[in-house]
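Subject: Structure handover

Hello,

Please find the structure below, with the sequence alongside. My notes on what was found in it come after.

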Amino acid sequence: VSERIRGFEAALDEKNLPKYKLELQNYSDEEVIEKIRNYFTENSKISGVICNSGHLTSLFLKAMRQMNRELHKDFDLALIDTNSRETEYLLDESFPTIEQDSIQIGYEAAKLLADLLKEGNAMSVNKKVPLLCDLQNQD
């Protein structure tokens, strides 16, 4: 996740866009909604958001609705999620989703582990495996 966040920040820097960051781990759903509402009340000029899970996206949208803010009118949203089951209930909304194949992620991880066990210390532990992403617009 920290690598993903660094990627978000690098892309925003390239486009000269301001960065805001809200950490929402280890809270109940109600606490997350309240933190989002407070944050967006204090930072009302934010007009674009990246969510890294379908569940967080649903909480974010609920918080925005409670504040009478509308998707595409008051803010735009992009979602990154590797679990399409997490995003199925968001189909009534329209926003871009970047999705990676969870089976491919597991397959590549197991393949790397097998190579490491087979080759031992001869294999580079820092090996990176690029994975394809699908960019979809949910509508």
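Helix H1 has 13 residues, which at 1.5 Å a residue should span 18 Å, and its end C-alpha atoms are 18 Å apart, which agrees. The expected span is 1.5 Å times one less than the number of residues in the helix. Helices (H or I, at least four residues) and strands (E, at least two) are DSSP runs, numbered from the N terminus.

Before the rest, two notes on the source. This is a predicted model, in which local features need pLDDT of at least 70 and side-chain atom pairs count only at pLDDT 80 or more, while totals for chains, interfaces and linings use all residues. Residues are numbered from 1 along each chain as its sequence is written, and side-chain values use heavy atoms, with hydrogens and water left out.

Helix H3

H3 also has 13 residues. From its first C-alpha to its last it reaches 19 Å, close to the 18 Å expected at 1.5 Å a residue. Among the buried residues of H3 are Gly54, Leu56, Leu59, Phe60 and Met64. Buried means under 20% relative accessible area, exposed means over 50%, and partly exposed is in between (1.4 Å probe, protein chains only).

Positive phi angles

Most residues other than glycine have a negative phi. Just after H1, Asn16 takes a positive phi of about 55 degrees. Asn26, in the loop between H1 and H2, has a positive phi near 65 degrees. With 79% relative accessibility, Asn26 counts as exposed. Asn68 is not a glycine either, yet its phi is positive, at about 60 degrees. Its relative accessible area is 68%, so Asn68 is exposed.

Salt bridges

Side chains of opposite charge can pair when their charged atoms come close. The rule used here for a salt bridge is a side-chain nitrogen of Lys or Arg within 4 Å of a carboxyl oxygen of Asp or Glu. How many salt bridges does this rule give? The count comes to 3.

- Asp13 and Lys19 meet at 2.5 Å, N to O. Asp13 is partly exposed at 42% relative accessible area, and Lys19 is partly exposed at 39%.
- Lys21 and Glu23 meet at 3.8 Å, N to O. Lys21 is partly exposed, with a value of 48%, and Glu23 is partly exposed, with 45%.
- Glu34 and Arg37 meet at 3.6 Å, N to O. Both lie in helix H2, 3 residues apart, which is about one turn of the helix. An α-helix has 3.6 residues a turn, so residues three or four places apart point the same way. Glu34 is partly exposed at 35%, and Arg37 is partly exposed at 30%.

Aromatic pairs

The structure holds 3 aromatic pairs. Rings of Phe, Tyr and Trp (its six-membered ring) pair if their centres lie within 6.5 Å; planes under 30 degrees apart count as stacked, over 60 as edge-to-face and the rest as tilted. One of the pairs is Tyr39 and Phe40, with centres 5.8 Å apart and planes at 70 degrees, so this pair is edge-to-face. Tyr39 is buried at 16% relative accessible area, and Phe40 is buried at 6%.

Phe40 also pairs with Phe60, again edge-to-face, at 5.4 Å centre to centre and 65 degrees between the planes. Phe40 lies in helix H2 and Phe60 in helix H3, so the pair ties together parts that are 20 residues apart in sequence. Phe40 and Phe60 are both buried. Together, Tyr39, Phe40, Phe60 and Phe75 form one aromatic cluster.

The largest pocket

The largest pocket holds about 1,100 Å³ of space. A pocket is an open set of points on a 1 Å grid over the protein atoms alone, where a 1.4 Å probe fits, with protein on both sides within 12 Å along at least five of seven lines; lining residues have an atom within 4 Å of a point. The volume is the space filled by probe spheres set on the points. There are 37 lining residues, and the closest to the centre are Tyr20, Lys21, Leu22, Val49 and Ile50. Elements that give two or more residues to the lining include helix H1 (2-14), strand S1 (48-51) and strand S2 (76-80). H2 gives the largest share, 5 residues. The lining divides into 23 nonpolar, 7 polar and 7 charged residues. Here Ala, Val, Leu, Ile, Met, Phe, Trp, Tyr, Cys and Pro count as nonpolar, Asp, Glu, Lys and Arg as charged, and the others, Gly among them, as polar.

Regards
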